[in-house]
Amino acid sequence: MTWRDLMCGEVRPEHAGKRLVLAGWVDTRRDHGGLVFVDLRDRTGICQLVINPERAPEAAEAAHAVRNEFLLRAEGDVAPRVPEAVNPSLPTGEVELQVDRLEIVSRCPPLPFQLDEEGVDETLRLRYRWLDLRRPKMQRNIELRARLVSTIRRVMEGDGFLDIQTPLLFKPTPEGARDFIVPSRLQQGRFFALPQSPQILKQLLVVGGFDRYYQIAICFRDEDLRADRVQEITQLDVEMAFPDQEFLFGLMERMCAEVWRDCSGEEVETPFQRMTHAEAQARYGSDKPDLRFDLPIEDATAATRGSQFGVFANAACVRFLRAPKAFSRAELERLEAFAKEWGAKGLAYLVFAEDGEVRSPIAKFLSGEELALFRSEPGSTALFGADEPAMVARVLGALRLLLGRELQLVDESAWRFVWVTDFPMFEWDEEGGRWKAVHHPFTRPAPGSEAFIGTDPGAATALAYDLVVNGIEIGGGSFRIHEPGLQAQVFAALELTEGEQRRKFGFLLEALSMGAPPHGGIAFGIERMLMALCREPNLRDMIAFPKNQAGVDPMSGAPSEVEEELLEELGIQLRTQPE
C-alpha cells in the first residue's frame with residue numbers, strides 16, 4: 001500500500017532495521033524541546049514515533065504543530081528502544097520508528113472531550129460519535145461484534161443452515177411491541193411496517209422447503225428505551241424444520257462456546273444447566289436468573305398456614321431469603337423502601353445476631369417450629385415476601401440481585417449459562433383486560449396444554465425456552481404451530497376475530513394449510529451477547545451508531561421533519577398536537 005506498510009500495532013522487534021511507512025491518529029504528543037515523541041494510533045494499537053531535529057529537521061518542524069487526533073503519515077527506520085525506555089504494557093513497546101519524513105494528512109480542532117476522559121455525558125458522546133468510536137473501549141466492542149458474527153456464521157453454516165435475507169418492508173403484525181410504520185408513495189393510504197423480527201417470514205421459508213435457515217437480521221421495535229433496550233437491534237435468527245430440542249440446544253451451546261472462546265479466550269462448560277420457568281420464578285424470582293451467586297429464595301407457604309402471624313397465614317405465598325449479614329435497623333428500613341418500590345406492602349425480617357439472639361417485631365408471633373425453619377447462621381437475616389406468587393417473586397428477585405451486588409456475593413469472573421424452559425403460553429394483560437402471548441402468538445403449546453387454550457389459557461404451557469447468561473437473556477425461541485386449526489384457536493384465545501385473523505394473518509394460515517412441516521427455532525440478540533461478553537451495562541455501547549434513550553440520534557438530528565411537498569406526495573397530513 002502506498003499509504004502505509006503496516007498497521008501501528010503490528011510493529012515488532014523483528015522489524016528493527018527496516019524502513020516503514022505508518023499512518024494513524026496522534027494519541028499523545030510529548031515535546032522535549034528538541035526530541036518530539038508521538039504515540040501514533042490506529043485500531044490495532046500504538047507505535048511510538050521519535051522525531052529528532054538533527055536527523056530530520058523538516059519533520060521536526062512539522063511535529064511542533066502536531067496536536068491530538070491529527071492524522072499523520074510517517075516514514076522512517078524501526079529501531080529497538082533503549083532498555084530503560086521499553087514499555088512492557090504495549091505489544092510494540094520494544095521498538096520505535098525514527099522518523100525521517102512526517103506528513104500532516106488531516107488536522108483536528110480542539111476536541112469537545114478527550115478520548116481518555118471518564119464520565120463524559122452520553123449525549124455528547126453520541127453527538128460526536130465519530131470521535132467516541134476512536135476510544136479503545138468502543139474499538140474493542142465493535143471489533144468483538146464483527147468477530148462474534150463471523151464465528152456465528154461459521155458454526156451455523158457448518159451445520160447446513162442457509163443465510164437467507166428477508167424483506168425490511170413487510171406487513172404490520174402484532175408481535176408485542178409497536179411497529180415502525182412506513183408510508184407507501186405508490187399506494188397512498190397504505191403502509192408497510194419495519195419487521196420486529198422475521199418471525200412469520202422465517203416460518204414461511206421453512207414451509208417453502210428451506211429446512212435450515214439463519215440470518216443476521218436487523219429488527220425494529222418502537223418501544224420505550226432503557227440501558228438494555230434500543231429501537232434497532234440485530235439478532236441471530238434461526239429456524240428449522242422437524243425441530244429437535246436436544247439438537248437445537250446442543251447447536252446453540254456449541255455456538256456460544258465457540259463465540260466465547262474466539263471473543264474472550266475463555267472456555268465455557270457445556271451442556272448448560274436447565275430449569276423450568278416455574279422453578280426460576282420460585283427460586284430466583286426471575287425468568288432470567290443470575291446464577292453467579294448462591295442466594296436462593298426458599299418457600300414457607302405450607303409451613304406458615306397455621307401461623308399466629310396473620311400476614312403469613314393469610315398470604316397466598318410466603319417465601320424468604322437468607323442474607324449472610326445481620327442488618328441494622330437503618331439498613332432494614334432502606335431494604336424495606338426498596339421492596340416497596342417493587343410493589344411490596346412491607347418487608348418482614350428476622351435478624352440472627354452473632355450471639356444467637358433473634359431480633360424482629362414478628363418473632364413473638366412465630367412458633368418454635370417456624371423459628372427453627374427460618375433460623376440461619378449467626379450474623380444473618382431472613383427477609384420475607386408474603387403476597388400473590390407473582391408479586392413475591394418480583395420483590396424477592398429484585399432484592400436478591402441487590403444483596404448479591406451490595407454484599408459482594410457475585411463471582412464476577414464466572415460465566416453461568418442456563419436454559420429456562422416450559423414458559424407459560426399466555427399471561428393476563430390487566431390494562432387490556434385480555435390474554436396475551438408470553439412469547440408470540442405462533443408459539444406451540446406443550447403436549448397436553450392444547451385443551452386449556454379455549455378453557456383456561458393461564459394453565460397452558462408452551463414449548464418455549466430462553467438462554468440466559470449471568471442474568472442477561474441472550475436468546476429465546478420456541479417450537480411453532482404448524483396446523484392452521486390450532487393456530488386459529490390460539491388467535492381466538494387472544495380475542496382476534498375470524499375477520500381479524502384473515503386480515504392480519506390470512507397468508508400465514510393459508511401457508512400452514514399447504515403441507516407445513518413441524519418447525520421451530522430461536523433468536524439471539526447480538527448486542528445482548530456482546531453486553532455479556534464485554535461485561536458492559538449499556539447496550540448502546542455495543543452499536544456503532546445508536547439512538548439515545550429518547551430515540552433520537554444526537555449526531556444527525558434524526559428523526560427530522562420532512563418537506564411539505566414530500567408529505568403531499570405520500571398523501572399524509574400532519575395533525576398539530578394540542579399544547
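A salt bridge is a side-chain nitrogen of Lys or Arg within 4 Å of a carboxyl oxygen of Asp or Glu. This is a predicted model, in which local features need pLDDT of at least 70, side-chain atom pairs count only at pLDDT 80 or more, and totals for chains, interfaces and linings use all residues. Residues are numbered from 1 along each chain as its sequence is written, and side-chain values use heavy atoms, with hydrogens and water left out.

Across the whole structure, 44 salt bridges are found. In one of them Glu267 pairs with Arg261, with 2.9 Å between the closest N and O atoms. Glu267 is exposed at 55% relative accessibility, whereas Arg261 is partly exposed at 36%; buried means under 20% relative accessible area, exposed over 50%, and partly exposed in between (1.4 Å probe, protein chains only).

Arg444 and Glu483 form another salt bridge, at 2.6 Å from N to O. Arg444 lies in the loop between β19 (434-437) and β20 (464-469), and Glu483 in the loop between β21 (472-479) and α12 (484-493), so the pair ties together parts 39 residues apart in sequence. Helices (H or I, at least four residues) and strands (E, at least two) are DSSP runs, numbered from the N terminus. Arg444 is buried at 16% relative accessibility, while Glu483 is partly exposed at 26%. Elsewhere, salt bridges with shared partners join Arg125, Arg129, Asp132, Arg135, Lys137, Arg140, Glu536 and Asp541 into one network.

The chain as a whole holds 15 helices and 22 strands, and 49% of its 579 residues are buried.
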